[in-house]
Amino acid sequence: MTSYPPAQTVEEFAANLAAVRARIDAAAARVGRAPSDVRLLPVSKTVPQERLRLAVAAGCRELGENKVQEAKRKSQEMADLDVAWAVIGHLQTNKAKDVAAFAAEFQALDSVRVAEALDRRLQLEGRSLDVYVQVNTSAEESKYGLAPDAVPGFLRELPAFTALRVRGFMTLAEFSSDEARVRECFRRLRGIRDRALDVDPGLTELSMGMSGDYEVAIEEGATCVRVGQAIFGSRALPDSHYWPSGG
């Protein structure tokens, strides 16, 4: 795995953001896509607010978090800043009220129970929320997300939840150094999206790709890449520590 030194100044964050954006643009250009079609979502899990403030000063306007409590705390600590928070990890129904209160986006929708809980809380808040349906494209038992063949039935349930704006799909590729296996996960999600477009033309988004594989994801059609370590620096523990229990 690539090791990234931690960014400690506004200038270092700006340089990291520019480097990631340049690689996004190059990956898009390789497959004839417009770089502007790919959104960069910086993932700030485990990063303290002191450093997040530097990242915001360097240009981050969106931040993604795995754990609802950590995201809620940071959103309160940084309420003076113009930051949109995306929750990208698995959600328990008892935390739906928190997500409904502060999040701009939820990228790990994978059950009707969570859809119901979120919708109910959003209706009380008078808000709506962008959501992505999480799909387990690698068939790994440690991962959350719907099985691919469960997606069509799940999509048919979602129009009942009027506060949820379903934007598209999210996945985590297999943790593998074999690029072909990683690429296959991304292709699988793109196929699911393409079939879903026949039913709902609004389901355009594909959130896939992290620090180690976002360029491959872009080549396969990602519209949102979730990049943490290449911006903030390597975490003390490997991704596998954080992700089995989170989207």
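The model is predicted. The protein chain contains 10 helices and 8 strands, and 52% of its 247 residues count as buried. Its radius of gyration is 17 Å, which agrees with the value near 18 Å that a compact globule of 247 residues would have.

**Overall fold**

- The C-alpha trace of the protein chain spans about 45 × 40 × 30 Å along its principal axes.
- Among contacts in the protein chain with a separation of 6 or more, 63% are made by residues 24 or more positions apart.

**Annotated domain**

- In an unreviewed entry, UniProt assigns residues 16–235 to the feature "domain: Alanine racemase N-terminal".

- K45 is located in the loop between β1 and α2.
- Because its relative accessibility is 2%, under the 20% limit, K45 counts as buried.
- T46 also has its place in the loop between β1 (39–42) and α2 (49–57).
- With a relative accessible area of 39%, T46 is partly exposed, because this value lies between the 20% and 50% limits.
- The phi of T46 is near 75°, a positive value in a residue other than glycine.

**Backbone at A139**

- Most residues other than glycine have a negative phi.
- A139 is not a glycine, yet its phi is positive, at about 60°.
- This residue, A139, is found in the loop between β5 (129–134) and α6.
- A139 is exposed, because its relative accessible area of 67% is over 50%.

**Second largest pocket**

- The second largest pocket holds about 380 Å³ of space.
- Its lining is formed by 17 residues, of which P152, L155, A196, V199 and L203 are the closest to the centre of the pocket.
- At least two lining residues of the second largest pocket come from each of α6 (151–157), β6 (164–170) and α7 (179–197).
- With 4 residues, α6 provides the largest share of that lining.
- By residue class, the lining of the second largest pocket comprises 13 nonpolar and 4 charged residues, with no polar ones.

- A71 belongs to helix α3, which covers residues 68–77.
- A71 counts as buried because its relative accessibility is 0%, under the 20% limit.
- Apart from neighbours within four places in sequence, A71 is in contact with E65, V87 and F102.
- From A71 to D149 the C-alpha to C-alpha distance is 31 Å, and the two residues are 78 residues apart in sequence.

Notes:
Residues are numbered from 1 along each chain as its sequence is written. This is a predicted model: local features need pLDDT of at least 70, side-chain atom pairs count only at pLDDT 80 or more; totals for chains, interfaces and linings use all residues. Side-chain values use heavy atoms; hydrogens and water are left out. On a 1 Å grid over the protein atoms alone, a cavity is a set of points where a 1.4 Å probe fits but cannot get out, and a pocket is an open set with protein on both sides within 12 Å along at least five of seven lines; lining residues have an atom within 4 Å of a point. Grid points are joined across faces, edges and corners, and a volume is the space filled by probe spheres set on the points. Ala, Val, Leu, Ile, Met, Phe, Trp, Tyr, Cys and Pro count as nonpolar, Asp, Glu, Lys and Arg as charged, and the others, Gly among them, as polar. UniProt positions are given in the numbering used here, feature names are shortened, and annotations may be inferred rather than shown by experiment. Buried means under 20% relative accessible area, exposed over 50%, partly exposed in between (1.4 Å probe, protein chains only). Contact means heavy atoms within 4.5 Å. The radius of gyration is taken over C-alpha atoms; the globule rule is 2.2 Å times the number of residues to the power 0.38.
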